[in-house]
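Subject: Structure handover

Hello,

Here is the structure I promised to pass on. Please open it alongside this note.

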Amino acid sequence: MEFALSRRQEEVLRTARSFAEKLVLPKADGWDKSKKFPTETWRAMAKAGLTGLPIPRKYGGGGQDILSYVLAVEEISRGSAALGVTLAVHVSLVSQPLLSYGTERQKMLYLKPLAQGSKFGSFCLTEPGAGSDVASMESKATLSGDEYVIRGRKYFIVNAPMASTYLVFAMTDKSLGHRGISCFIVDRNMPGVKIGKIFDKMGIRSSMVSEVIFDNVRVPARNVLGRPGEGFKIAMDTLDCGRISIAAQAVGIAQASLDAAIEHARTRVQFGKPISDQQAIRWMIADMATEIEAARLLTYHAAALTDRGRKHTKEASMAKLFAASTAVEAARKALQIHGGYGYMTDLPLERYYRDAKITEIYEGTSEIQRLVISNELL
Ligand code: COS
């Protein structure tokens, strides 16, 4: 078993870390407060080759492996979890399925600009009444000549307000249950695509999340991704990879929390000595560091399995489950170590706490991860 990163992976890690330290960390609080997506920084990420890292060069990407991409998501999320999820959704939930299931035409037309970062991608699966229970979706796509007509509403869709390319899941044959779901590539310019409610969120405030309405959108049949009826499988397969990137996001938030806690514990003096001399504080820091390392190893392991073309459903869910609770706990402890200072919005601790919570919810709640893990075991 080899625990070392390759030279290429180390290089990606260095690039992402330096990018995050120079261009993300110092600005993340401002983005959070203004609730505005940092478009300029995204452009700089594209220029640095971070928006298509695991996509082959032929399709505009960086030709790196999934582990390298995971390292980048972790580093970006250490600076801003909102920018981290924007990247994770763009790559894992849109570019990756286009790469795995797309035709050559679809890859050239849709994947390439996404990998180059000139367009945004968005994954339209969740509906107001269909969250964990994907197969209960109500969106419909009806074949009419050589086009499908899509009608439905998608909810809590990350990146939707600024996206140009949507992967949209809809029922093409309700009688077949999950086997009647198909996946479509929908262009923002197609008539009938409308952005609905823009959500105001507890955390990841500078990422854009909205409702998307598909009002009789006519999509050419050649824009079906994979085969008709293959949508549920594509969604599950995509989420297997997406969950690893959310685990990486959670590790990034947890690491940022630990970094802040160590710095504060060393410099804050109470009872005549730094609070890092108090056993209560030392134990919290030791537990945080141990849990973060375990979460990181689970995440890298799931990524490495993906790179080797091995099944990684269980490992991705384990990584996400553990990393998400580690992030929430690390953010809570770091805030506690900061005392009253941690509760104020002058410091980023309360942001870490708010941001960490969503990792236990999106791309499958922690309860769904336990369901997936137990299904795999039993
Ligand atoms: N990869 C490929 N195929 C998979 C799969 C995976 N990881 N997981 C399930 N499948 C297949 C099954 O093999 C089964 O295939 P058949 O058509 O041959 O029967 C089919 O999908 C249905 O599987 P299952 O019966 O387990 O589906 P359920 O409707 O019970 O749903 C869960 C399973 C709950 C795990 C799924 O709906 C899920 O992941 N929900 C959470 C959704 C989510 O993460 N939402 C967030 C949206 S993005 S923010």
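Which helices and strands each supply at least two residues of the lining of the largest pocket? They are α5, β3 (147-158), α7 (231-267), α11 (349-358) and α12 (366-377). Please keep in mind that this is a predicted model.

More on that pocket. The space in the largest pocket is about 1000 Å³. Its lining consists of 40 residues. T126, I361, Y362, E363 and G364 are the ones nearest the centre. By class, 23 lining residues are nonpolar, eight are polar and nine are charged.

Next, the second largest pocket. Its volume is about 490 Å³. The lining has 14 residues, with E2, F3, Y300, H301 and A304 nearest the centre. Helix α8 (residues 279-307) gives the largest share of this lining, six residues. Eight of the lining residues are nonpolar, two polar and four charged.

Then there is helix α1. It covers residues 7-24, 18 residues in all. From first C-alpha to last it reaches 24 Å, close to the 26 Å expected at 1.5 Å a residue. Q9, V12, L13, A16, F19, A20 and V24 are buried in α1. Seen down the axis of α1, these buried residues fall within an arc of 135 degrees, so they line one face of the helix. The face turned away from that buried side carries the exposed residues R7, R14 and K22. What covers the buried residues of α1? The cover includes α2 (28-34), α3 (39-47), α4 (66-79) and α5 (81-101).

Best wishes

Conventions: Residues are numbered from 1 along each chain as its sequence is written. This is a predicted model: local features need pLDDT of at least 70, side-chain atom pairs count only at pLDDT 80 or more; totals for chains, interfaces and linings use all residues. Side-chain values use heavy atoms; hydrogens and water are left out. Helices (H or I, at least four residues) and strands (E, at least two) are DSSP runs, numbered from the N terminus. The expected span of a helix is 1.5 Å times one less than its number of residues. Buried means under 20% relative accessible area, exposed over 50%, partly exposed in between (1.4 Å probe, protein chains only). The arc is that of the directions from the helix axis to the C-beta atoms. Contact means heavy atoms within 4.5 Å. On a 1 Å grid over the protein atoms alone, a cavity is a set of points where a 1.4 Å probe fits but cannot get out, and a pocket is an open set with protein on both sides within 12 Å along at least five of seven lines; lining residues have an atom within 4 Å of a point. Grid points are joined across faces, edges and corners, and a volume is the space filled by probe spheres set on the points. Ala, Val, Leu, Ile, Met, Phe, Trp, Tyr, Cys and Pro count as nonpolar, Asp, Glu, Lys and Arg as charged, and the others, Gly among them, as polar.
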